[in-house]
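Hi everyone, thanks for coming. Let me put the structure up, and then we'll walk through some helix packing and a chain contact.

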Amino acid sequence: MSLMPLEFEAPGVHSFDLPPFFESAPWFDKYMLQAILSVFVIMAFWLIMARKNALVPGKAQYIGETAYFFVRNTMARDMIGHDFRRYLPLLIALFSFVLVNNLWGIFPFTLLPTASHVGWPYGLALLVWLIYNGVGIAKHGFFGYLKQTSLPSGVPVFMWPLIIPLEFVSNIIVRPITLSLRLFANMFAGHLLVLVFVIGGEYLLVHGETIINRVAGVVGLIFSMAIFGLEIFVQSLQAFIFTVLTAQYISSSLAEEH
Amino acid sequence: MTAMELVGSLGIVGYGLAAIGPGIGVGLIFASVIQGTARQPEARGAMMGTAWIGFAVTEALAIIGIALAFVFGFTGQA
């Protein structure tokens, strides 16, 4: 039996190139629409949470309070220390924005995580980079901050030519790159995995030559729901990690010399 | 006889090599979580929280590998 070429178009990088909705506004594509919607959803949620404050909370208020206390206790207070209230709005906004934009990847009508287009994590990482460097410069002065970043205390002088470039690159250059690429790659790879199972399963089911191919297609489609479950976990975890690392970077910029 | 020609994605080979490190790293993280829970079961909550942070940071390298394998792995092909 000769092998016939497949008319199967495997999902790849091209699956993420979405055209804009209107030709006259090339910036308004599905990613931008999801981001704008997420801003409205987040503002509505937190405004409603800030308003209705019964002393004995009902169910909805309990969920909002849990979310707020989660960000405040685990991320802000434990990591930044006693000065955390200045940075709490930033951390709550980042956590909410990254979480909602990740969850668009499993929401039935959108099914595309916003961070799978690399510009969005780049923008968020740029914001975090400006903030943690700005905070450090505001507290220690420009050269004091560079000294505090590149030179941990207690390093002997002969190791300075090795330690200073290494620490400088690691703290100032590598941190925003890994922060953005971690979020981007998790969303990209997760969505690509979902696409492979769904598109591959559908192709096997509809165009399968033998009965075993069609059964494999059905199994692939059912297993794609398990992959959706994994995606919920990964998306929530990545939102948490982004915010925790932002808090950690702010905390290490503010750290005092011992 | 012509030499054997390999076609396909070099990026996937690179990802396979790159996944060795994070695989060992994640195994080490959760091995220490298991050992710490065995020594002191009441510290389990704090340990699991740190374990998930360490997991995400280590896993980032493997995930960057698979993502960039798709983006850059097909250079040199038509």
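First, a term for later: a crossing is left-handed if the near helix is turned anticlockwise from the far one by less than a right angle, and right-handed if clockwise. Helices here are DSSP runs (H or I, at least four residues; strands are E, at least two), numbered from the N terminus. This is a predicted model, where local features need pLDDT of at least 70 and side-chain atom pairs count only at pLDDT 80 or more, while totals for chains, interfaces and linings use all residues. Residues are numbered from 1 along each chain as its sequence is written, and chains are lettered from A and ligands numbered from 1 in the order in which they are written.

Let's begin with helix 1 (residues 30-51) and helix 3 (residues 88-103) of chain A. Helix 1 of chain A passes helix 3 of chain A in a right-handed crossing. Residues in contact have C-beta atoms, placed from the backbone, within 7 Å. On the helix 1 side of chain A, A:Gln34, A:Ala35, A:Ser38, A:Val41 and A:Ile42 meet A:Ser96, A:Phe97, A:Val100 and A:Asn101 of helix 3 of chain A. By class, that contact has 5 nonpolar, 4 polar and no charged residues; Ala, Val, Leu, Ile, Met, Phe, Trp, Tyr, Cys and Pro count as nonpolar, Asp, Glu, Lys and Arg as charged, and the others, Gly among them, as polar.Now the chains: 15 residues from chain A and 10 residues from chain B make the contact. Helix 6 of chain A gives the most to the side of chain A that touches chain B, with 9 residues. That side has 10 nonpolar, 4 polar and 1 charged residues.

Conventions
Two residues are in contact if their C-beta atoms, placed from the backbone, lie within 7 Å.
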